[in-house]
Amino acid sequence: MASVVEYGSEAKNYKWTQTDEEVIVNLKVQPGIRGRDILCEIKPNKLKVQIKGSTEPLIDGELCKTIKTDESTWCLDNGNMEITLRKVETTDEKKKWWKCVVLGDPEIDVELIEASKYLDESLLRQIKEKKANQKLAENSSASASDSASTSTSSDSVTTDKPASSEDA
């Protein structure tokens, strides 16, 4: 059975996980690709990974949070690329966990990470199910209101009252 608490997730081209100090991103690259064939730009708020000569990057976007670039690294071993992003330290426990790596990618529920320190697995499972049901209800009510019919701007009012000479 999978754990209730997720410390990472999967995106289109990569998987990731995190500790309280770093985010670890793993990608598969084609066999035969060497380190010199990879363009890896690690900036405080941006990450880009692309195979040289390719038109599509494997990752390209704004990071969820700021990192320490001088302590962030990447390596390649037998077609597996691992990027370690060093988090900027924070004293706020709730702000140290990342909901995603690149903004716009699938997000995890970071509130469950903090709750896991204090609650047992059955309570965490109930919280996760309740949040999933709430999200489902929100999405279905939003789609229901989108598909509801609306009146047209050419609505007019008619009466059966005959026109009188006073109306003219």
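# Close-up views of side-chain contacts and strand pairing

**View 1. The side chain of Gln-18 reaches the backbone oxygen of Trp-98 at 2.9 Å.** The model shown is predicted, so that local features need pLDDT of at least 70 and side-chain atom pairs count only at pLDDT 80 or more, while totals for chains, interfaces and linings use all residues. Residues are numbered from 1 along each chain as its sequence is written, and side-chain values use heavy atoms, with hydrogens and water left out. Gln-18 belongs to strand β2, which spans residues 14–18 (strands are DSSP runs of E, at least two residues, and helices runs of H or I, at least four, numbered from the N terminus). The side chain of Gln-18 also makes a polar contact with the side chain of Lys-87, at 2.8 Å (a polar contact is a pair of N or O atoms within 3.5 Å; within protein, one must be able to donate a hydrogen and the other to accept it, and residues adjacent in sequence count only if both atoms are side-chain atoms). Gln-18 counts as buried because its relative accessibility is 4% (buried means under 20% relative accessible area, exposed over 50%, and partly exposed in between, with a 1.4 Å probe and protein chains only).

**View 2. Lys-96 and Asp-20 form a salt bridge whose closest N and O atoms are 3.7 Å apart.** This pair links distant parts of the chain, with Lys-96 in the loop between β8 (80–87) and α1 (110–115) and Asp-20 in the loop between β2 and β3 (22–28), 76 residues apart. Lys-96 counts as buried at 13% relative accessibility, whereas Asp-20, at 40%, counts as partly exposed. The structure holds 9 salt bridges (a salt bridge is a side-chain nitrogen of Lys or Arg within 4 Å of a carboxyl oxygen of Asp or Glu).

**View 3. Strands β4, β5 and β6 form, in that order, an open sheet of 3 strands with antiparallel pairing.** The edge strands are β4 and β6 (59–62), each of which pairs on one side only, and the twist averages 10 degrees from one strand to the next (axes are lines fitted to C-alpha atoms, for helices over the stretch in contact, and angles run from 0 to 180 degrees between N-to-C directions). Strand β5 covers residues 46–51 and pairs with β4 in the antiparallel sense over 6 bridges (two strands pair if DSSP finds at least two bridges between them). A hairpin is formed by β4 and β5, with 2 residues between them, and Leu-39 stands opposite Gln-50 in β5. In β4, which comprises residues 38–43, Ile-38, Cys-40 and Ile-42 make up the covered face, while Leu-39, Glu-41 and Lys-43 make up the uncovered one. In a regular strand the side chains alternate between the two faces of the sheet.

**View 4. A salt bridge joins the side chains of Asp-60 and Lys-46, at 2.4 Å from N to O.** Because Asp-60 lies in strand β6 and Lys-46 in strand β5, the pair ties together parts that are 14 residues apart in sequence. Asp-60 is partly exposed, with a relative accessible area of 40%, and Lys-46 likewise counts as partly exposed, at 30% relative accessibility.

**View 5. The side chains of Glu-71 and Lys-68 meet in a salt bridge at 3.9 Å, N to O.** Glu-71 is partly exposed, with a relative accessible area of 38%, whereas Lys-68 is buried at 19%. Salt bridges that share partners join Glu-21, Glu-22, Lys-68, Glu-71, Arg-86 and Glu-89 into one network.
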